[in-house]
Amino acid sequence: MDTSAILAVHNQWRSKTGVSDLKWSDDLAASSQKWADQLAGNGCRMKHSTGSTGENIYWAGAAQRSDGTSSMQKITEQNVVDAWGNEVEDYDYASNSCHGVCGHYTQVVWKSTSEVGCGAVLCSDKAQIWVCQYTVRGNMVGQKPY
């Protein structure tokens, strides 16, 4: 994982709302990697950790070929964060509500969040899990993200 690339994409999304850039946290990256590794050891089933940080998880299945074989998809840092950021389409700022899923987006742009760290793992079936953790945690009920 290119840490500068994943940080840059987070900050691209944040700049659209006028909130300050995130800084990279090696501690959050280590915690994210530990959680990704734990998920891989548990059959790569998606599940959020129970820590005090905010957290986004991205899963990409293996690419299936017509001959029945599979391979790892080429997923970039841009793909991962854009998947979360594109949830903006389901977020209504005026009512501070989601029409679908938007909690990943609101975590990315949460105003009081200042740090991010991410990790990734390749599962035995060639699926991938990417985990990013955030401090301060976002998505506090009754508060707008920015």
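User: What span does helix α2 reach from its first C-alpha to its last, and what would be expected at 1.5 Å a residue?

Analyst: Good place to start! This is a predicted model, in which local features need pLDDT of at least 70 and side-chain atom pairs count only at pLDDT 80 or more, while totals for chains, interfaces and linings use all residues. Residues are numbered from 1 along each chain as its sequence is written, and side-chain values use heavy atoms, with hydrogens and water left out. Helix α2 covers residues 26-41 and reaches 22 Å, close to the 22 Å expected for its 16 residues. The expected span is 1.5 Å times one less than the number of residues.

User: Which residues of α2 are buried, and which are exposed?

Analyst: Leu28, Ala29, Ser32, Trp35, Ala36 and Leu39 are buried. Seen down the helix axis, these residues fall within an arc of 130 degrees, so they line one face of α2; the arc is taken from the directions from the axis to the C-beta atoms. An α-helix has 3.6 residues a turn, so residues three or four places apart point the same way. On the other side, Asp26, Asp27, Lys34 and Gly41 are exposed. Buried means under 20% relative accessible area, exposed means over 50%, and partly exposed lies in between (1.4 Å probe, protein chains only).

User: Why does Ser32 count as buried, and what does Ser32 touch?

Analyst: The relative accessible area of Ser32 is 0%, so this residue is buried. Not counting residues up to four places away in sequence, Ser32 touches Gly117, Cys118, Gly119, Val131, Cys132 and Gln133. Contact here means heavy atoms within 4.5 Å. What covers the buried residues of α2 includes β1, β2, β7 and β8.

User: What makes Ser25 a cap for α2?

Analyst: A side-chain oxygen of Ser25 lies 3.4 Å from the backbone nitrogen of Asp27, at the N-terminal end of α2. A polar contact is a pair of N or O atoms within 3.5 Å; within protein, one must be able to donate a hydrogen and the other to accept it, and residues adjacent in sequence count only if both atoms are side-chain atoms.

User: How do you know that β1 and β7 pair?

Analyst: Two strands pair if DSSP finds at least two bridges between them, and two bridges join β1 to β7 (residues 115-122). These strands run parallel, and Trp24 has Val116 as its bridge partner.

User: What order do the strands of the sheet take, and why do β1 and β2 stand at the edges?

Analyst: Four strands form an open sheet in the order β1-β7-β8-β2, with mixed pairing. Each of β1 and β2 has a single partner strand, so one side of each is left without a neighbour in the sheet. β7 pairs with β8 (residues 128-135) in the antiparallel sense over eight bridges, and seven bridges join β2 to β8, again antiparallel.

User: What is noted about phi at Lys126?

Analyst: Phi of Lys126 is near 75 degrees, a positive value in a residue other than glycine. Lys126 sits in the turn of the hairpin of β7 and β8, which has five residues between the strands. Its relative accessible area of 34% makes Lys126 partly exposed.

User: Why does Thr113 count as buried, and which side chain makes a polar contact with the side chain of Thr113?

Analyst: Thr113 has 1% relative accessibility, so this residue counts as buried. Its side chain is joined to that of Gln107 by a polar contact of 3.2 Å. Thr113 lies in the loop between α4 and β7, and its contacts beyond four places in sequence include Leu22 and Tyr134.

User: What kind of peptide bond runs from Thr135 to Val136?

Analyst: That bond is cis, with omega near -5 degrees. Val136 belongs to the segment after β8.
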